[in-house]
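Open the model in your viewer and keep the sequence panel at hand. We will go from one selection to the next, with a short note on what is there at each stop.

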Amino acid sequence: MKSILLIGLGRFGEHVALELNRLGHQVMAVDDKEERVNEMLPYVTNAQIGDSTNPEFLESLGVGNFDVCFVAIGKDFQSSLETTSYLKDLGARLVVSRAASEVHAKFLLRNGADEIIYPEKQVAKWASIRYTADHILDYIELDDSHAILEVNIPRSWVGMSIGQLDIRKKYNINIMGLKQNGRIDVSITPDTVLTEDKTMLVLGEYKALQKCFRI
């Protein structure tokens with residue numbers, strides 16, 4: 001369990017708050033709009049109405065005591081930059097800021113953000129891959145070169161064992177697990193036989209994944 005400061009309770013911030021609550025973290029939520037704060041009260045540990053561009057207000061929250069500070073302000077470019085900068089100046093351990101554009105992301109990093117979240121860009125990439133290939137069910141980008149895919153098992157692979165396929169040697173791709181009815185089995189061996197009622201989680205360089213699964 002971690003202590004989280006979440007600034008900005010728009011649509012993105014609201015979803016972050018709900019997910020953090022589901023994960024059991026302690027969340028201090030902040031927004032300058034009373035109605036947003038009131039809506040989130042049942043789902044957070046504490047909440048404050050205030051202006052995050054006011055350093056005195058931020059200091060009163062004890063910024064340095066939080067494990068992570070999320071800046072979920074999306075549309076107000078200036079407020080996002082100022083809030084990020086003040087958080088870092090006040091001793092925040094880890095500042096994760098939402099970016100609304102490439103330019104916004106660059107300025108946030110220059111103004112003290114440790115990490116950037118760019119939801120629109122990340123979801124756009126995921127959706128483009130997920131819905132343009134019939135056999136790709138999910139996609140997780142690990143970095144610029146590597147990804148994890150959830151894929152349907154190719155028909156030609158059904159009935160074969162992982163050892164027989166040896167896709168690690170052929171494509172430098174690792175089979176991490178098999179998924180069936182929402183449950184993931186990672187206790188696989190070279191003798192594990194692939195069946196058509198399961199999907200497969202594979203890890204590798206994106207170029208290798210493209211070649212292997214014809215993305």
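Start by selecting Asn-172, which lies in the loop between helix H8 (167-171) and strand S9 (174-180). Helices here are DSSP runs of H or I with at least four residues, strands are runs of E with at least two, and both are numbered from the N terminus. Before moving on, please note that this is a predicted model, in which local features need pLDDT of at least 70, side-chain atom pairs count only at pLDDT 80 or more, and totals for chains, interfaces and linings use all residues. Residues are numbered from 1 along each chain as its sequence is written, and side-chain values use heavy atoms, with hydrogens and water left out.

**Two asparagines**

Stay with Asn-172 and check its backbone: phi is positive, about 60°, although the residue is not a glycine. Most residues other than glycine have a negative phi. Is Asn-172 buried or exposed? Asn-172 counts as exposed because its relative accessibility is 53%; the cut-offs are under 20% relative accessible area for buried, over 50% for exposed, and partly exposed in between, with a 1.4 Å probe and protein chains only.

Next, select Asn-181, in the loop between S9 and strand S10 (183-185). Asn-181 also is not a glycine and has a positive phi, of about 55°. With a relative accessible area of 77%, Asn-181 is exposed.

**Along strand S9**

Now pick Lys-179, which lies in strand S9. Lys-179 counts as partly exposed, at 25% relative accessibility. Show its contacts (heavy atoms within 4.5 Å): leaving out residues up to four places away in sequence, Lys-179 touches Glu-150, Ile-184, Lys-198 and Thr-199. For one of these, Lys-198, draw a distance between C-alpha atoms: Lys-179 and Lys-198 are 19 residues apart along the chain, and the separation is 5.5 Å.

**Helix H4**

Jump to residues 77-89, helix H4. Its 13 residues reach 19 Å from the first C-alpha to the last, close to the 18 Å expected at 1.5 Å a residue; the expected span is 1.5 Å times one less than the number of residues.

Which residues of H4 are buried? Colour Ser-79, Ser-80, Leu-81, Thr-83, Thr-84, Ser-85 and Leu-87. These buried residues pack against strand S1 (3-7), helix H3 (55-60), strand S4 (68-71), strand S5 (95-98) and helix H5 (102-110).

Still in helix H4, select Lys-88. Lys-88 counts as partly exposed because its relative accessibility is 27%. Beyond its neighbours within four places in sequence, Lys-88 is in contact with Arg-93, Val-95, Gly-112 and Asp-114. Gly-8 is 80 residues away from Lys-88 along the chain, and their C-alpha atoms are separated by 17 Å. Just after H4, stop at Gly-91, where phi is positive at about 95°.

**Zooming out**

Finally, show the whole protein chain, with its 9 helices and 11 strands. Along the principal axes, the C-alpha trace spans about 65 × 35 × 25 Å. Of the 215 residues, 41% count as buried. Among contacts in the protein chain with a separation of 6 or more, 53% come from residues 24 or more positions apart.
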